[in-house]
Structures are given as C-alpha cells and as structure tokens.
Amino acid sequence: MGATLSLGALLAAQLSGSSAWSGMAATMSTLGAALVAVPLSRLAQARGRRRSLAAGSLIAGAGAVLAITSVAVDAFPLLLLALMLLGAGSATNLQARFAATDLASVRFRARDLSIVVWSTTAGAVLGPNLFGPGEVVGASLGLPPLTGAFAFSLLATVGAAAVYSVGLRPDPLLTALAVHTSGSAGRRRIGGLAIIRANPPARFAVCVIALSHATMVALMSMAPVHLRDHGATLTLVGLTISLHVAGMYALSPVFGALADRVGRMPVILTGQALLLAALTLFWLNGDSPVAMTAGLILLGLGWSASVVAGSALIAEAVEVHDRAPLQGFSDLSMNAAGALGGAMAGPILSAAGYSGLGLVTMLLVAVIVVWSALRLAAAQRSG
C-alpha cells in the first residue's frame with residue numbers, strides 16, 4: 001500500500017494534467033477502505049474471517065490491475081476507481097488485527113492484536129523502496145511507466161488471499177461463534193451503530209480510535225509540504241516520514257503488552273498524552289526540522305498506543321456475536337475521520353501555518369485526554 005499510494009499520487013497528477021489532483025490518491029484509497037469496512041465485517045460474521053480477508057485482498061488486487069489499465073488507456077476516472085479498490089487492502093489489514101483477538105485469551109488479547117499491527121512495519125518500510133525495481137519489472141513486462149510497482153501489489157494481494165485461504169484454519173471467528181452458540185440461540189444481531197449507541201465502552205473506544213487517527217493523518221499528511229516549504233531536502237523529508245512510520249508500528253507490541261498488564265484505559269491515556277506532546281512541539285516550534293522530526297515520532301507513538309489499546313477494548317466491549325459489526329463500524333469511522341482530517345488540514349495549514357494546525361488539533365486531543373481521564377477515574381472507582 002505504501003508504494004501504490006505514492007505512485008497513485010504521481011499518476012493522478014499525470015493523467016489529470018494537474019498536480020492539484022495528486023491528493024485524490026489518498027482520498028480515494030481512504031474512501032474505498034471506509035466503504036468496504038462494513039461489508040467485509042458482515043461477510044466475516046456470515047462466512048468467517050478467512051473468506052472476508054481473502055475477498056478484501058482480491059478486491060485490492062483487482063484495483064492494482066485496474067490501475068495499470070487506467071494508465072495504458074489514459075483514463076483518469078478509471079485510476080480513481082482503481083485507487084478506491086486498492087483501499088480495500090487497507091481495510092483488510094485493519095480487520096486482520098481483529099482476527100488475532102477472536103480466540104485470544106483476555107490476558108494476551110492486546111498483545112496478539114499488536115503483533116499483527118507490528119507486522120505492518122515491514123511492508124511500510126519495504127513498499128516505498130519498490131519504485132525502482134518496479135520500473136525494471138514493468139519494463140520487462142511491457143507495462144506503462146510508473147506502473148511496475150502495481151505488479152508487486154497484485155502479487156502481494158493474491159499471495160495474501162492465498163495465505164488467508166490456506167493458513168487461517170480453523171476460522172477463528174466461526175470457531176468463537178460456535179463456542180458461544182448455545183448461550184445465544186435466537187439472539188437478535190444488531191449493527192455497529194446500534195451497539196455504540198447502547199454501549200458506552202464501545203462508543204468511547206470507537207471515538208478515541210477515530211479522533212486519534214484523524215489527528216495523525218492531519219499532521220502527517222501536511223508534514224512533507226511544510227518541510228519542503230522550509231527548505232528541507234527530499235532525503236530529510238523521507239527520513240522524517242520513515243521515523244514517523246516506525247513510531248506508528250515498531251513499538252506496538254510494547255503497547256499491547258502494557259495494555260494487557262496495566263489495562264486498556266491507562267495505555268489509551270498514555271497515547272493521548274503522547275499526541276498532546278507532539279502537538280505542543282508543532283505549536284511552539286513548528287518551523288524547526290528537529291522539532292518536526294521529534295513531534296512526528298511522538299505522533300506515531302501516540303497513534304500506536306491509542307489504536308492498539310482502543311482496538312483491544314473494542315474486541316472485549318461486546319459479546320462475540322456483536323464483535324464483527326462493531327469492528328466494521330470502528331474501521332469505517334476510523335477511515336472516515338482520517339479522510340476528514342486530511343481534507344481539513346490543507347485549508348488550516350494555508351490559513352494558520354503548521355503551528356496553527358498543531359494548536360487546533362491540540363485542542364481536539366485535549367478534549368479526548370480529559371474524557372479519557374474521567375473514564376479512567378470512573379473505572380478505578382467502580383473497580
């Protein structure tokens with residue numbers, strides 16, 4: 001996904017004839033991830049994780065084929081559709097973390113989930129380095145320029161679908177459902193929106209994940225533009241974003257283990273505190289490359305702690321029969337919030353600069369921190 005999104009931005013500018021459309025790559029991918037999140041969760045509920053995750057991977061593979069085709073026929077709308085289908089890969093990766101919790105014990109649920117999140121690190125680091133090899137492979141296959149990496153995407157998504165189909169046996173969700181069938185015969189299943197209306201812990205977890213993701217996307221998406229405007233080299237920009245991505249994924253098992261040991265709420269609160277620290281750096285010294293780098297690392301760490309602990313809370317906020325609908329709604333909210341955060345970041349950056357963007361998002365995170373503290377205090381009193 002890292003390679004295809006970057007190439008998608010270049011191809012969007014090329015096929016549309018204007019660099020103003022380059023941002024549509026991330027927008028369409030995020031929109032696609034949001035649109036398939038609930039259908040994939042429903043498929044998982046009805047047919048199991050194995051078929052749901054394999055289907056999501058194959059949809060992304062179809063997007064890779066369509067992206068190559070769009071360049072071959074010089075069709076910008078077709079590229080947008082391809083990027084939307086590729087977004088199914090992101091939705092699939094998100095739902096894969098929940099597959100690790102279906103049969104996990106309460107003692108190790110957050111740890112198991114965090115290991116799946118951590119595995120993203122390898123792909124996030126490797127993906128952007130496939131541009132050069134992709135062009136070599138693309139040229140040997142007769143593909144249009146800048147589309148060779150999509151051949152790797154196709155190979156990866158088909159390979160992922162095969163791994164899910166062959167290796168995910170017995171199906172974790174179907175097994176968990178079968179274990180709990182006897183005690184829930186005739187039970188009416190409800191959707192994710194109805195669950196969060198009636199379930200305060202689920203509502204809290206969904207909101208924390210969505211708002212944390214929106215904060216991360218808003219600041220991360222504008223960071224390269226801001227750094228370049230202040231004279232940073234492409235090498236420095238690339239290093240800064242790499243460190244941010246490492247912060248997002250590399251330490252997720254640490255936060256998972258902490259969430260199992262000390263509880264979900266303390267780790268969520270830690271994540272929000274890290275986000276606040278990052279935003280304070282951006283607000284006070286957003287023009288400094290050193291402060292930007294440190295802030296983006298803290299931003300990634302705060303996102304990791306919040307999403308890992310929040311996802312574990314979602315997995316245990318409801319009974320197993322309601323997990324898939326709630327998880328699908330959470331992923332929908334997460335991607336929609338990310339798209340909104342990215343869309344709003346540009347105008348705020350233009351009007352108030354990166355420091356102003358940091359201030360606005362800092363106020364938003366402060367609300368979450370206060371809310372988290374109140375929830376933690378209430379949980380400690382009731383415990």
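1. In this predicted model, a nonpolar patch on the surface is formed by Leu58, Val65, Leu154 and Val158. Together these residues have about 300 Å² of accessible area. Two elements, α3 (49-72) and α7 (148-167), each give two or more residues to the nonpolar patch. One member, leucine 154, is placed in helix α7. Leucine 154 is partly exposed, its relative accessible area being 32%; patch membership requires over 30%.

2. The domain assignment divides the protein into domain 1 (1-178) and domain 2 (191-382). Taken over C-alpha atoms, the centres of domain 1 and domain 2 are separated by 22 Å. Across the pair, 30 residues of domain 1 are in contact with 30 residues of domain 2.

3. Helix α4 comprises residues 76-99, 24 residues in total. From its first C-alpha to its last, α4 reaches 36 Å, which is close to the 34 Å expected at 1.5 Å a residue. How many residues of α4 are buried? The count is 17 of the 24, so α4 is largely enclosed by the rest of the structure.

4. Six salt bridges are found in a search of the whole structure. One of them joins aspartate 102 to arginine 49, with the closest N and O atoms 2.7 Å apart. Arginine 49 belongs to helix α3, whereas aspartate 102 lies in the loop between α4 and α5 (109-126); the pair therefore ties together parts that are 53 residues apart in sequence. Aspartate 102 and arginine 49 are both buried.

5. Another salt bridge is formed by the side chains of arginine 97 and aspartate 331, at 3.2 Å from N to O. Which helices does this pair link? Arginine 97 is in helix α4 and aspartate 331 in helix α15 (residues 320-382), so that distant parts of the chain, 234 residues apart, are linked. Both partners, arginine 97 and aspartate 331, are buried.

6. A salt bridge also connects arginine 264 and aspartate 260, the closest N and O atoms lying 2.9 Å apart. Arginine 264 has a relative accessibility of 9% and therefore counts as buried.

7. Helix α13 (residues 264-285) contains 22 residues. The reach of α13 from first C-alpha to last is 32 Å, close to the 32 Å expected at 1.5 Å a residue.

8. Serine 311 is located in helix α14 (residues 289-317). Is serine 311 buried or exposed? At 0% relative accessibility, serine 311 counts as buried. When neighbours within four places in sequence are left aside, serine 311 is in contact with Arg97, Phe98, Leu113 and Ile209. Among these contacts, Arg97 is the residue that meets aspartate 331 in a salt bridge.

9. Most residues other than glycine have a negative phi, and most peptide bonds are trans. Arginine 169 and proline 170, however, are joined by a cis peptide bond with omega of about -5°. Proline 170 lies in the loop between α7 and α8 (172-179).

10. Aspartate 74 is not a glycine, yet has a positive phi of about 55°. Aspartate 74 is placed in the loop between α3 and α4. With a relative accessibility of 53%, aspartate 74 counts as exposed, the threshold being over 50%.

11. A positive phi is also found at leucine 146, with a value of about 70°, although leucine 146 is not a glycine. Where is leucine 146 placed? Leucine 146 is in the loop between α6 (131-141) and α7. Its relative accessible area is 26%, and leucine 146 is therefore partly exposed.

Methods:
Residues are numbered from 1 along each chain as its sequence is written. This is a predicted model: local features need pLDDT of at least 70, side-chain atom pairs count only at pLDDT 80 or more; totals for chains, interfaces and linings use all residues. Side-chain values use heavy atoms; hydrogens and water are left out. Patches are made of residues with over 30% relative accessible area and no salt bridge: like charges are joined within 9 Å, nonpolar side chains (Val, Leu, Ile, Met, Phe, Trp, Tyr) within 5 Å. Accessible areas come from the Shrake-Rupley method with a 1.4 Å probe; for residues, only the protein chains shown count as cover. A salt bridge is a side-chain nitrogen of Lys or Arg within 4 Å of a carboxyl oxygen of Asp or Glu. Helices (H or I, at least four residues) and strands (E, at least two) are DSSP runs, numbered from the N terminus. Buried means under 20% relative accessible area, exposed over 50%, partly exposed in between (1.4 Å probe, protein chains only). The expected span of a helix is 1.5 Å times one less than its number of residues. Domain bounds come from an automatic or database domain assignment. Contact means heavy atoms within 4.5 Å.
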